[in-house]
Structures are given as structure tokens and as C-alpha cells.
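Let's take a walk through this model together, stopping at a handful of side chains and loops along the way. Keep the viewer open as you read.

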Amino acid sequence: MNFQRTTSRVLSTTGVPIAIALVIVVIVFQIMSPVFLTPGSVRDYINNAIPILLLTVGVSIVIVGGGIDLSVGTVAGLSAGTTMWTLVSGAPTWIAVLVGVGTGLVFGLFNGLMITRFGINDFIVTLATLNIAGGLLIVLTEQVPLQGVTTPGFSEIVYGNLLGIPNAFWIAAILFVLMQFFLIKTIFGRRIFAIGIGASAANVAGVNVNRVRLETFVLSGLLAGAAGVLLASRLGAVQAFLGNGYEFVAIAGAVLGGVSLAGGRGSVWAAVAGGLMLASLQQGLRLNGVDPVYFSIVTGLCIVAGVVFDRRIQQFALSSIRRRGGRTSSTPPPTTKSDRENHLLSTGKQD
């Protein structure tokens, strides 16, 4: 009896179903291609996946707050471009890193200010900055790849390792832990969830909605800047159109990880699991010799299957919990947006 209750609660946790699906996918690809989990393959997999995962986490935070950020892909590309341009100009590595991250920060701040101060729809604003960042990268590169950097230490950002594990992994792990802590353990994070559930109700409850929304876009921009620096370090060259389309992969990863596009539901770990699922699919297909032309088709189908799997598992687990809760407790769960927001603000937990 206790085992069934515990299983139902674990399965109802956001991200657990997609994590189970991820393990299944990894096992299947390992059986199909024994080199899938070799050290070299895993290292390439990590270095390729982490920039996308950073974008996925940034987008997820915005989505949990009820917004959307379509610009993260091209902002990451432009951040990679400004990082490489700074290095080519002779600056040391640490200045180039600051310039790259700062580029993402500026775009995140711009997005947030346009949305909160001028009341422009976030879809329109970030669609505009998607094009602005992409255009600036074309101007910066003059359609000739920026490359030839010999600055000591820059390539080590990605290709170096600590304890046999790529540096990029450690950098991303630290950022993910910080983002999860902010989202789940702080008042700031609770306010993001409250706004995602109902901005008007959150405003009545005393939450400064515009300020919190601005901060979510700044965080998304910062993570896009960090992703750009890692892209530049990994590729060693930056060309026009780098990052185009990454925003859709990031949003797909977030949705696959159970982040609700309606806002108010999600977690960093769930988003990471969703992003890893997409990265695993592409790595597995590549190792099995599937033509890249079919990647988007297979990825799209797997997104639909993953979301359906996630919803079914959670519906099963929640219905099981409610049946048992009905026998043991007379307190009904919060059902309205206002009730759920008050529940979040007072407990910091999602229903």
C-alpha cells in the first residue's frame, strides 16, 4: 500500500516521467549502437548538448512565469560572435567571456524593459530581437567566419576537464543548481510560479509583476550569453546564422520536460531532462547513420509522444493520489487560480 502511494507521488512529480523515458531511450540506443556510451561519444554529447540545455533552462524560467522568449537562439549566436570578435581583436579570455555574457544580458534587459515598461507583447518583442540579434551577427561577421583565435585558455573552457569530466559540464551543473535553487527555494521563484498561474491575482497579493517578469528575461538573456561563450569555445569559429533555430529546440525541450506553456508549472531539472532527451535522440540517430534530413521529423514525433507519455503518467499518478486522499483527508485541494496562487505564496509548493 505504501509502495503504491510512494510510486504515485514520485510519478506525479514534474520531470520524473520524462526522465524515465530518457533512460529508456539511452538503453535502446546503447543496444542499437554499442559506441553510444563510450567516453569519447559521451564527451561529444555533453559538449554539444550543454549550450542547448542552458537555453532550455532560460526559456523554461520565462515560460513558468507565463511568458515566452523566442530570441535566445540568435542571442546566443550573437554572444558567440562578440566573444570571438573580442578575442580576434587581441583581448584576453576573461574580457571576451564578459563581453559574450554581457551581450546576452543586454538583450535580456531590453526584452524585459520593452515588455514591462511599454506593455508590448512578449511574443512580438522577442520575435523582433530574434531578427535584430541575427542581423547584428551577419553584420559583425560580414558573412566571413570569425576564427583564428590562439588566445591561451579559451578552448579549455569546453575542451579542458576536471576529474576527467569536461569543464562545460561543471559550468552547466553549477548554473543549473543555482537556477533550481532560485526557482524552488526563494521567494523570487515562488513569485514566478504565482505570476504564471495568474498575474492579476499575484498583483493583488502584493507581487511586483513587472519587476519579476523583467528579471526572468534578464536571467534568460544571461544564460543565452553563457551558451554563446560555450559555443564559441567549442566551435573555435563563429559564422553568420549561428544559433538560428536553437530557440525552437529549447522551447521543445522545455515542453518535453513538462514545463507548461500556460505558465505556473515546471522545474529546471525537468527542463534539463527534456533537453537531454532531444540531444540523446539526435546523437543516437547520428551514430546509427540516419540522414540528418530526417532528424526534425523524428524529433517532432518524439516530442508529441513524450508529451503524451508525460501527461498520461501524471494523470494516472494524480488520480491515484486523489482517490487515496479522498479517504484520508477532508481538505480539498486548491482549484481556482487564486487558491493555487495563495497556496504557492504561503507554501512555495505546486499543487
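A polar atom of the Ser-41 side chain lies 3.5 Å from the backbone oxygen of Val-35, and the Ser-41 side chain also reaches the backbone oxygen of Phe-36, at 3.1 Å. A polar contact here is a pair of N or O atoms within 3.5 Å; within protein, one must be able to donate a hydrogen and the other to accept it, and residues adjacent in sequence count only if both atoms are side-chain atoms. You are looking at a predicted model, in which local features need pLDDT of at least 70 and side-chain atom pairs count only at pLDDT 80 or more, while totals for chains, interfaces and linings use all residues. Residues are numbered from 1 along each chain as its sequence is written, and side-chain values use heavy atoms, with hydrogens and water left out.

Ser-41 sits in helix 3 (residues 39-64); helices (H or I, at least four residues) and strands (E, at least two) are DSSP runs, numbered from the N terminus. Is Ser-41 buried or exposed? Its relative accessibility is 9%, so Ser-41 counts as buried. The cut-offs are under 20% relative accessible area for buried and over 50% for exposed, with partly exposed in between (1.4 Å probe, protein chains only). Setting aside neighbours within four places in sequence, Ser-41 is in contact with Val-35, Phe-36, Gln-283 and Leu-287, where contact means heavy atoms within 4.5 Å.

Next, move to helix 11 (residues 209-235), which holds both Glu-215 and Arg-211, four residues apart, about one turn of the helix. Their side chains meet in a salt bridge, 3.3 Å from N to O. The term stands for a side-chain nitrogen of Lys or Arg within 4 Å of a carboxyl oxygen of Asp or Glu, and the structure holds one such bridge. Arg-211 is exposed at 53% relative accessibility, whereas Glu-215 is partly exposed at 28%.

What about nonpolar side chains on the surface? Phe-118, Ile-120, Phe-123, Ile-124 and Leu-127 form a nonpolar patch there, with about 480 Å² of accessible area together. Patches are made of residues with over 30% relative accessible area and no salt bridge; like charges are joined within 9 Å, and nonpolar side chains (Val, Leu, Ile, Met, Phe, Trp, Tyr) within 5 Å. The areas come from the Shrake-Rupley method with a 1.4 Å probe, and for residues only the protein chains shown count as cover. One of the patch members, Phe-123, belongs to helix 6 (residues 122-141) and is partly exposed at 42%.

Most residues other than glycine have a negative phi. Leu-163, however, has a positive phi near 60°; it lies in the loop between strand 2 (161-162) and strand 3 (165-166) and is exposed at 74%. Phe-241 also has a positive phi, near 75°, and is found in the loop between strand 4 (237-238) and helix 12 (246-256).

Finally, the aromatic rings: how many pairs does a search of the whole structure find? It finds three aromatic pairs. In one, the ring centres of Phe-169 and Trp-170 are 5.5 Å apart and the planes stand at 75°, so the pair is edge-to-face. Phe-181 and Phe-182 also form an edge-to-face pair, at 6.1 Å centre to centre and 65° between the planes. Rings of Phe, Tyr and Trp (its six-membered ring) pair if their centres lie within 6.5 Å; planes under 30 degrees apart count as stacked, over 60 as edge-to-face and the rest as tilted. Phe-181 is partly exposed at 46%, and Phe-182 is partly exposed at 35%.
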